[in-house]
Amino acid sequence: LDAAILRSIQSIQSEDSRRRMLVNILLVGGGSKLKGLPQFLQNKLNAQVEGGCEVLKDWGRETCGSTVAWKGAAILSWMETGQELWIQREEWRAVGVKCLRERSLFSWA
């Protein structure tokens, strides 16, 4: 899991975005309820990442498999990292799709 997380974050083009993702790793779903997983994962990642990272737990709320993506998006929207991804109307009008490419957490053509 730690290798998959790091591979995913390393694929982000922006160094600043990678840094923000490393301190906002969110565990959700049934597997995140494994006792000790958040701390174990944080220790594994911190051993590999200069400056460390932060693994956030799901706060123990019930997670339904059919809504987990929506829940993750809702949580991301109020986190500092998520708020920085919002594109305001004025930005869109000024630069169009360029701002979407710069803010996207994944590469696309």
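Modeller: Let me begin with a term: a salt bridge is a side-chain nitrogen of Lys or Arg within 4 Å of a carboxyl oxygen of Asp or Glu. This is a predicted model, where local features need pLDDT of at least 70 and side-chain atom pairs count only at pLDDT 80 or more, while totals for chains, interfaces and linings use all residues. Residues are numbered from 1 along each chain as its sequence is written, and side-chain values use heavy atoms, with hydrogens and water left out.

Colleague: OK, how many salt bridges does a search of the whole structure find?

Modeller: The search finds two. In one of them, the side chains of Arg-18 and Glu-15 meet at 2.4 Å, N to O, and in another the side chains of Asp-16 and Arg-20 meet, with 2.4 Å from N to O.

Colleague: Where do Arg-18 and Glu-15 lie?

Modeller: Both lie in helix 2, three residues apart, which is about one turn of the helix. Asp-16 and Arg-20 are four residues apart in helix 2, so about one helical turn separates them. Helices here are DSSP runs of H or I with at least four residues, strands are runs of E with at least two, and they are numbered from the N terminus.

Colleague: And is Arg-20 buried or exposed?

Modeller: Arg-20 counts as buried, at 17% relative accessibility, whereas Asp-16 counts as partly exposed at 47% and Glu-15 is exposed, with a relative accessible area of 51%. The cut-offs are under 20% relative accessible area for buried, over 50% for exposed and in between for partly exposed, using a 1.4 Å probe and protein chains only.

Colleague: Stepping back, how many helices and strands are there in the protein?

Modeller: There are seven helices and two strands, and along the sequence they follow the pattern α-α-β-α-β-α-α-α-α. Of the 109 residues of the protein, 32% count as buried.

Colleague: At what angle do helix 1 and helix 2 pack?

Modeller: Helix 1 (residues 2-10) and helix 2 (residues 15-22) pack at about 150°, and their axes are 9 Å apart. That makes helix 1 roughly antiparallel to helix 2. Axes are lines fitted to C-alpha atoms, for helices over the stretch in contact, with angles running from 0 to 180 degrees between N-to-C directions; under 35 degrees counts as roughly parallel, over 145 as roughly antiparallel, 65 to 115 as roughly perpendicular and the rest as oblique.

Colleague: Which residues meet there?

Modeller: Leu-6, Ile-9 and Gln-10 in helix 1 meet Arg-18, Met-21 and Leu-22 in helix 2, where contact means heavy atoms within 4.5 Å.

Colleague: Which residues of helix 1 are buried?

Modeller: They are Asp-2, Ile-5, Leu-6 and Ile-9. They cover an arc of only 95° around the axis, which puts them on the same side of helix 1; the arc is that of the directions from the helix axis to the C-beta atoms. What covers these residues includes helix 2, strand 1 (25-26) and helix 3 (37-46).

Colleague: Then what do the buried residues of helix 3 pack against?

Modeller: They pack against helix 1, strand 1 and strand 2 (55-56). One of the buried residues of helix 3 is Leu-37, with a relative accessible area of 17%. Not counting residues up to four places away in sequence, Leu-37 touches Leu-27, Gly-31 and Ser-32. The C-alpha atoms of Leu-37 and Leu-27 are separated by 9.1 Å, although the two residues are 10 apart along the chain.
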